[in-house]
Structure formats: C-alpha cells, structure tokens
Amino acid sequence: MCGIVGYIGSGNALPILINSLKRLEYRGYDSAGIACQNGKGIEIYKTIGKIKDLQGIIPSHLADVCTGIGHTRWATHGIPSTHNAHPHSAGGVVVVHNGIIENYRELKSDLVAEGSEFFSDTDTEVIPHMIWRMLKRGLPFFEAVKEVIPRLTGSFALGIMSETDPHTIYAVRKGSPLVVGYGEQEFFIASDIPAILPYTKKYIFLENDQLCTLTQQGIEITSLNGRGSVPFRDRIVEVDWSPSMAEKEGYDHFMLKEIYEQPAALHDTIGEWIDRPEKLLEELKLNIPMTIRLGSIHLVACGTSYHAALIAHHMIRNLARIPVHVEIASEYRYSNPIIEHGNLFIAITQSGETADTLAAQREAKSRHAKILTICNVVGSTSAREADSVLYTRAGPEIGVASTKAFTSQVAALCLLAIGLSIRRGVMSMSETKALRTQLAKIPELMEKTLMKNEKVRHIAHTLLQAKDCLYLGRGLNFPIAIEGALKMKEVSYIHAEGCPAGELKHGPIALIEEGLPVIVVAPVNDLFDKILSNIEEVKARGARVIAVTDEPERLMNKADDVIEIPATHPLLSPFLSVIPLQLLAYHTAVLKGCDVDQPRNLAKSVTVE
C-alpha cells in the first residue's frame with residue numbers, strides 16, 4: 001500500500017521526510033520520492049527501488065528546506081518505474097496520492113484534448129493537471145483544490161503543494177486513511193501513525209471529504225461537502241506508543257520482534273477487563289435487554305482477522321450459546337446479508353482502515369445493526385463509525401504478516417465471550433472464574449512456548465525444498481491450521497493449505513505423497529483421538545508429520561517432529577498453538593532468503609477494494 005508523509009515547520013524537513021518514509025517501508029512499495037520547497041520553487045526527486053536509492057540521488061543543498069511531501073508507491077496503474085513514481089507534478093502543482101481515481105481515463109482524455117501533456121501511466125497525474133488548470137483560470141490555490149476534489153471518483157488520500165503558495169501543504173481524505181500530526185510550531189501528515197511517531201504524540205484523524213490546510217502558523221480543517229470550517233481541537237488524540245515500539249530493538253526483523261511481543265500485547269489487552277468482563281459489556285454499550293435477547297452475532301473481517309473471527313465463533317457459541325455468523329468482509333455486502341435490527345455486528349480490523357471491512361460495517365449499519373469494532377488504532381475510521389470500540393493493546397504492528405495483532409484480537413473476543421456468558425447466565429461463577437484464571441496465565445505460557453524457538457528453527461531447515469505444505473486441525477484448531485498456512489504462504493512463498501482434518505477423506509488426502517510436510521495442530525481436547533487417526537492416515541501415505549501438542553508423549557511414535565506447548569483450557573489453546581506456526585513460517589522464510597517484513601505483492605493494510 002502506498003505511503004504519504006509531509007512536513008511543514010521551522011525544522012529541517014529532509015531528514016524528517018526520509019525517516020518517516022523509512023517507517024512506512026513495512027507497507028510494501030516499489031518506488032519512492034520527495035518534493036521540497038526550497039524558497040525558489042519545488043524540487044522533486046524520485047526513483048524506482050528503496051528509500052536508500054532515493055537518498056542516493058538527493059543533493060546536499062536540500063539540507064535547509066522546511067516544507068515537503070514524500071511518498072512510497074505500490075504499483076496499481078502503471079508498472080514500477082521512475083516516471084510512475086510519486087510525486088507527480090504539472091505547472092508547479094505537486095501531488096502525492098494513495099488510493100485509486102476511478103474516473104481518471106475520462107479526466108485524462110479531457111485534459112489531453114485541452115493540451116495537457118502527461119509523462120506517466122498513473123491515475124494520479126490527472127490531479128496536478130486539473131488543479132493547474134484551475135489556477136490558470138485565476139482561482140486561488142485553496143479554491144482550486146476545493147473545485148477539483150469533487151470531480152474525482154474513487155477512494156484516495158492526497159498531499160498537495162504548489163509554487164503559488166510556497167509554505168502551504170494541503171491534505172485531503174476521501175476514503176483512504178490520512179492522519180495529521182500536531183506538533184510544537186510544526187505539523188505533519190502521514191498515512192499511518194508509525195511514520196511520524198518520533199515527532200509527536202498528538203494526532204487528528206481526518207474524516208472523509210475533509211481538507212486540511214497546513215502552514216507554519218497552524219492548521220485548519222475544512223469540510224468539502226459544504227459545511228465549512230471544522231473544529232478540530234477536541235478531536236486531537238494522544239497516542240501513547242513510544243518510538244521504540246516501531247523499531248526493531250535488536251531483532252533481525254519486525255516479524256520476529258512482534259512474535260516475541262505477544263505475551264506483553266496479550267497482557268495489556270486483557271489487563272483492564274480480566275477481573276470484570278461483565279463491566280466490559282457496559283463499556284461497550286451492550287445493555288442487559290439487548291444481550292439477553294440477542295438473536296445473532298455477525299463477525300466480519302479479512303485475512304488473519306477473519307481467522308480470529310473463526311476462533312471467536314467457537315468461543316462465543318460455546319461460552320454464551322449465541323448463534324454466530326462469520327463472513328469474509330470482501331464478500332459481505334455483495335451477499336445481500338440477513339442482519340436485523342438489534343443484531344450485533346462485530347468488525348475485526350487491526351488498522352481500522354481496511355476498505356472491505358469498512359464497507360461491510362457500513363452495510364450493516366444501514367440495516368440498523370448494533371456495530372462493535374475490535375481495533376488496534378485509536379481514532380481510526382472503523383472506530384469512529386462504530387457504536388462502540390474494544391481496543392486491542394498490541395501497539396504498532398510493522399511486519400506485514402500479522403502476529404501480535406491476531407492474538408490480541410482473539411484475546412479481546414475471548415473477553416467479550418466471557419462477559420456475554422456471565423450476562424446470559426450460561427456458565428456458573430466458578431466456571432467463569434476458572435476460565436479467567438487460565439486466561440490470565442496465558443502471557444506466561446506464551447513466554448514458555450517462545451522458548452521452543454530454536455527447535456522450530458531446526459525443523460524449518462527440513463522445509464526448504466518443500467513446494468507444498470498441508471496444515472490440519474479440528475474444531476477450534478482448524479482456524480489455527482489455516483492461519484499457520486497463511487503465514488507460510490505470506491512470508492516464505494511456499495504453497496500451503498489449511499484443512500479441517502475430518503475432511504481429509506473428502507478430497508485433500510489425494511494430495512498426500514512421499515515427503516509432503518503435514519503440520520498438525522493437536523492439543524488435547526475431546527477431538528484428540530480423532531486427530532491421532534488423521535495423523536495415522538497421512539503417515540501411512542508417506543507424509544512427514546510435524547505436530548504441535550501439549551501431550552508430546554502420545555505423539556512421539558506417530559510424528560516425525562513434535563513441538564510441545566504448555567497445557568491450558570481447550571478454548572485457550574489457540575493462543576499457544578499459533579506461536580510455533582508463526583515461528584515456523586518466519587524461520588523458513590529467513591532461511592530461504594525472503595523479505596519477511598515486506599513480502600512481495602503484499603501490503604500491511606488494504607485500503608482500496
């Protein structure tokens with residue numbers, strides 16, 4: 001996903017822009033560029049490749065600039081190349097852009113007919129041409145921007161500068177996320193908080209159809225739908241993440257750091273509510289009549305968050321005895337969903353800006369469902385648009401492959417399930433107390449599980465020649481199997497498939513051949529004997545079995561490798577069984593020489609459909 005940064009103030013803009021762009025590298029990109037006001041005009045430097053390549057072409061005389069914008073591009077329109085890299089310019093107007101301009105072909109055709117000359121294959125380049133056209137007609141810069149934005153169709157975020165207003169940056173949001181950093185006589189824009197985390201803890205999350213004017217004297221936010229100036233001081237959010245949370249801190253990769261941060265993230269997520277889960281329902285505005293009469297819960301998410309929803313489905317159904325529907329967000333609004341007034345819709349999203357999840361959330365809201373979001377970013381769009389928010393406390397997650405955000409989401413959903421169970425009288429107080437006690441111990445058990453890192457790394461060597469892997473699980477462990485398979489696909493590029501073990505005979509067993517790695521999620525529960533039979537089935541056909549279990553003795557003669565995890569309540573085993581699968585994917589990818597933090601073709605947050 002593309003990244004935007006911008007700075008205006010009395011400081012040196014160049015190192016701030018470069019450092020901020022580096023902090024957006026986790027989003028994935030193929031080219032980068034900056035534009036700086038030097039007092040005489042705007043200078044643009046851009047190149048295919050990485051930030052270090054960009055630094056190599058920037059001359060030393062830019063050291064004193066105090067206004068600039070920057071961009072990392074992930075190709076959508078036009079191949080990765082220098083001429084397609086951002087910023088794009090026309091007539092002294094410079095633009096960086098995230099998102100998609102859906103009607104750019106028609107706009108470009110009109111502009112070409114009027115004599116405009118284009119130098120890229122992107123949809124972005126129409127924007128500076130359109131603004132320049134308005135400037136030539138005599139409109140002030142601010143009015144020119146306001147005139148152009150309504151003519152653009154799509155979801156986008158923009159950073160704009162012009163030589164006509166040498167100490168002004170305009171930031172526009174329509175769909176794609178954009179945050180304004182509020183500092184001491186200096187101001188910032190960014191696609192994501194980690195980009196500018198070292199420079200300020202105060203942020204304003206722009207809402208749709210808002211234009212922010214940034215000067216050295218301050219900022220002003222204007223509504224583009226005719227409502228005029230927007231008060232913003234009561235919307236300044238203080239984020240307590242430290243800059244070190246977005247640094248590797250001695251780890252080789254962010255992914256490994258974030259795997260090891262899971263005990264702390266889980267502890268922080270459950271800490272406020274573990275002793276009073278019923279109070280959590282009050283905080284979430286889930287009143288007694290609503291939760292007692294609750295007909296169904298809809299859990300909707302994408303990717304790894306969808307797997308968290310599948311686990312929550314088991315937890316809520318078993319603990320609170322409420323019907324639960326789990327759906328992929330990208331399919332939800334196209335399926336004519338049946339969701340009724342008073343049903344609970346839960347959106348699960350790490351960033352709070354995932355386009356498909358937001359669209360599903362808005363669809364459910366239009367049908368008068370109660371909207372709850374499980375989110376990791378304070379002030380994000382999903383959080384602002386929901387009726388209530390249950391925040392995970394994972395801190396910034398930089399690695400594209402989600403790890404600590406996943407387990408934090410499951411923890412938040414587990415608390416919700418326990419609270420609903422208490423409210424509805426399904427479990428006795430002694431049962432809920434025992435479960436809460438076990439949940440409180442999970443961070444410590446995660447620490448013990450992480451001690452298996454070296455063993456997992458040793459096992460990863462056996463997968464380097466694998467072309468395919470099969471992951472098996474039953475019941476609550478099936479979502480962990482597909483999550484483990486997703487991690488392997490994401491970072492090592494080995495084809496991996498997660499399968500319900502009970503479905504082996506219905507097709508997947510045809511894939512088993514000599515040496516095929518089969519990773520089995522097998523903590524002891526009421527389906528343990530069933531999973532043992534599945535292991536026998538694949539072993540009889542030559543598979544190489546790697547088992548994750550809390551009963552290693554019962555698998556020593558059945559599996560080729562056994563990774564032991566601590567025993568816990570069966571509903572809580574996913575917190576522990578997922579860690580070896582995360583580590584297995586990570587070490588396999590590293591040994592293969594893959595870029596684990598920025599896997600090819602992937603972005604951290606998918607903010608366009």
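Okay, quick definition before anything else: a residue is exposed when its relative accessible area is over 50%. Keep that cut-off in mind, and keep in mind too that we're looking at a predicted model.

So, Asn336. Its relative accessibility is 58%, so Asn336 counts as exposed. You'll find Asn336 in the loop between helix H12, 329-332, and strand S18, 344-349. And here's the backbone part: phi of Asn336 is positive, about 50°, and this residue is not a glycine. For context, most residues other than glycine have a negative phi.

Where else does a positive phi turn up? At Gln185, again not a glycine, with phi near 55°. Gln185 sits in the loop that links strand S9, 179-182, to strand S10, 186-190. Buried or exposed, then? Gln185 has 64% relative accessibility, so it counts as exposed.

Next, a peptide bond. Have a look at His86 and Pro87: the bond joining them is cis, with omega at about 5°. Pro87 belongs to the loop between strand S4, 67-73, and strand S5, 88-90.

Last stop, a pair of strands. S16, residues 297-301, and S17, residues 324-328, run parallel and pair over five bridges. How does the chain get from S16 to S17? Through helix H11, residues 303-320, in a β-α-β crossover that is right-handed.

How values were computed:
Residues are numbered from 1 along each chain as its sequence is written. This is a predicted model: local features need pLDDT of at least 70, side-chain atom pairs count only at pLDDT 80 or more; totals for chains, interfaces and linings use all residues. Side-chain values use heavy atoms; hydrogens and water are left out. Two strands pair if DSSP finds at least two bridges between them. Helices (H or I, at least four residues) and strands (E, at least two) are DSSP runs, numbered from the N terminus. A crossover is right-handed if, with the strands pointing away from the viewer, the path from the first strand over the helix to the second runs clockwise. Buried means under 20% relative accessible area, exposed over 50%, partly exposed in between (1.4 Å probe, protein chains only).
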